[in-house]
Amino acid sequence: MCGNTERNYFKIVFTITNMKNKIKSIIYKGSCLLLLAGAMSSCDVLELDPLDSYTEDIIFSDATLTEAYVTKFYVYPKNGYNEMSHRFFCDESQSNFNNSSAWQIELTGYTADMMGFFNMWKEYYKDIKNINIFFDNMANVEKIPEPSRSLLIGEATFFRAFFYMDLISHFGGVPLITRTFELDDPDMMMARNSYDECAEFVVSEMDKAAKLLPESHSGKSFGRVTKGAALAYKARMLLYMASPLNNPSGDVKKWEAAAKACEEVFALNKYSLDPDYRGMFFNNKSPEIIFERLFEPEHGHWFNWYNQPNGNGGWSYTCVTQEFVDSYEMEDGTAFDVTPYTNPENPSSVNPWQNRDPRFYATIICDGQDFGPRKIEYWVNEDGATGGTDSEYGRDNWNYSKSHYGLRKFASEDITTPTNNNTPGTNPWIYCRLAEVYLNYAEAKFNLGDEATAREYVNKVRERARGGRADILPDVTASGDELLKKIQHERKIELAFEEHRWYDVRRWKIGKETQAGKFHGMKIVKKADGSKTYTLHSLQERVYEDHHNLVPLPSSEIRKCDKLVQNPGY
């Protein structure tokens with residue numbers, strides 16, 4: 001049986017004889033603990049003997065073996081703790097401005113060859129193939145007793161739809177493959193389906209999954225996908241389908257479907273906003289979480305190593321831009337005035353991070369803040385040759401953040417030396433939570449002309465952000481285009497670095513406004529008397545074109561199949 005800290009690897013060779021008497025072997029290597037922290041009883045497969053020869057008939061007619069097969073799907077989805085996660089497609093909130101990083105991915109730098117490196121296409125189609133093998137064996141799966149059978153079918157249905165949603169959100173329409181192929185199958189080389197065909201498939205599959213999955217799990221099954229997760233992803237897919245990029249005619253029915261799907265999530269009465277905004281990202285049992293990836297000590301993540309300040313030995317991978325920092329409102333709801341910090345001849349002596357939206361302090365690391373047992377030191381001395389421990393003159397200065405900002409949101413402050421041989425992070429990656437669904441609903445209702453409801457749901461999120469104070473972050477009262485901008489702003493701040501902004505910018509078609517131009521960091525100079533001055537300094541200039549709303553198909557895939565047509569502009 002699996003324990004919470006055991007590392008059990010299984011290797012199963014499925015020997016399959018097809019109708020043409022050809023033998024195929026599919027080898028799976030993985031850990032049943034990577035996601036569920038020892039929660040799955042499917043690890044019983046490790047006690048079975050022999051382990052080297054199971055036919056599909058055996059695998060998919062045995063509940064334990066099938067559960068082991070399906071459990072592996074939980075480690076397939078990409079998450080934001082990956083070194084090369086979605087977040088490293090740069091937007092105005094971040095880039096890789098540390099000296100060591102080779103991954104300075106410019107918005108103008110997407111190439112078809114680069115997309116092959118990221119492996120999203122290859123990996124997700126491999127994952128889809130593995131799920132299709134499961135569905136090819138439904139006759140055997142039907143022999144598994146309930147409720148296990150419905151759960152496994154529901155999980156496989158959810159994950160295949162999840163992978164397709166991720167693919168089409170990057171590439172647009174992709175080949176929609178729902179069965180396995182023989183090597184000589186003439187239908188193997190497939191053209192791309194349309195975006196709408198793929199998106200409608202995702203919606204339909206999430207609906208199917210929702211009917212098969214339970215509303216909650218407990219005990220050893222905690223962490224498995226639920227009905228709420230399927231409905232929430234259905235709502236997200238419908239929102240994307242209704243957005244300007246994918247709904248150029250402004251079809252109101254698409255917004256109606258998106259709003260209705262959000263209401264289905266609300267009707268479950270399973271989720272509530274967590275009063276602790278920062279703490280939520282360290283609490284896998286937060287009442288706000290709808291779908292998450294769990295980690296445990298032996299199989300944790302390396303977010304801290306990649307992202308903590310160089311003074312802690314981190315790599316400063318996510319260097320937050322000044323433009324994103326400036327997005328955080330003042331406590332009274334007014335916009336931050338950056339003007340005093342723009343003149344290098346007359347730097348401001350006023351601390352730029354005072355009296356901001358409380359979410360700023362839960363999300364961003366800046367100079368002078370407490371982080372764990374010490375204060376962050378991004379400053380340099382007047383002599384221009386020495387500086388604080390997190391600066392270009394500090395510890396591990398080859399890894400400093402050129403923007404002089406870091407990402408606090410997911411960083412564990414009790415891990416103060418996050419090297420590759422130290423304690424990995426165990427806080428969950430949250431794929432979906434209630435605040436997102438509230439904001440999805442607000443956007444859909446706005447586009448249906450129901451501005452009162454749109455304001456209501458934006459203000460639910462802002463109320464939580466106040467942290468119990470009534471004197472800050474006043475309710476949104478705007479209407480018309482101003483209200484839409486408020487909704488978009490609230491998503492940007494509330495869901496910062498949770499891998500939504502990249503998609504939001506593109507589906508709203510606002511990239512030329514938000515992703516182009518000069519981007520900055522903050523230069524902090526410490527004087528002999530201990531006082532500091534603050535001045536913006538230039539980091540990068542970016543260009544954004546309409547074709548950046550989609551990324552290119554990997555050139556390696558196009559070379560394999562002449563039916564695949566590259567996205568325009570690449």
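Is Phe163 buried or exposed? Phe163 is buried, with a relative accessible area of 0%. The model is a predicted one. This briefing covers its aromatic pairs, charges over rings, strand pairing and cysteines.

**Aromatic pairs**

- The whole structure holds 52 aromatic pairs, according to a search.
- One of them joins Phe73 and Tyr76, whose rings are tilted at 40° between the planes. Their centres are 5.8 Å apart.
- Both partners of this pair are buried. Phe73 has a relative accessible area of 0%, and Tyr76 has 11%.
- Phe162 and Phe163 form an edge-to-face pair, because their planes meet at 85°, and the cut-off for that class is over 60 degrees. The ring centres lie 5.9 Å apart.
- Phe162 is buried too, at a relative accessible area of 5%.

**Charges over rings**

- Lys78 places its charged end over the ring of Tyr124. The distance to the ring centre is 5.8 Å.
- Arg506 lies over the face of Trp502. Here the distance to the ring centre is 3.9 Å.

**Strand pairing around strand 13**

- Strand 13 spans residues 517-526 and pairs with strand 10, residues 380-381. The sense is parallel, and two bridges link them.
- Lys518 has Glu541 of strand 14 as its bridge partner.
- Strand 13 and strand 14 make a hairpin, with five residues between them. Gly530 sits in the turn and has a positive phi of about 95°.

**Cysteines**

- A disulfide is a covalent bond between the sulfur atoms of two cysteines.
- The count of disulfides in this model is zero.
- Why is Cys262 in no disulfide? The nearest cysteine sulfur, that of Cys432, is 9.6 Å away, whereas a disulfide needs the two sulfur atoms within 2.5 Å.
- Cys262 is buried, with a relative accessible area of 1%.
- Cys366 is likewise buried, at 2% relative accessibility. Both values fall in the buried class because that class takes in everything under 20%.

Key. Residues are numbered from 1 along each chain as its sequence is written. This is a predicted model: local features need pLDDT of at least 70, side-chain atom pairs count only at pLDDT 80 or more; totals for chains, interfaces and linings use all residues. Side-chain values use heavy atoms; hydrogens and water are left out. Rings of Phe, Tyr and Trp (its six-membered ring) pair if their centres lie within 6.5 Å; planes under 30 degrees apart count as stacked, over 60 as edge-to-face and the rest as tilted. Buried means under 20% relative accessible area, exposed over 50%, partly exposed in between (1.4 Å probe, protein chains only). A charge sits over a ring if NZ of Lys or CZ of Arg is within 6 Å of the ring centre and within 35 degrees of the ring normal. Two strands pair if DSSP finds at least two bridges between them. Helices (H or I, at least four residues) and strands (E, at least two) are DSSP runs, numbered from the N terminus.
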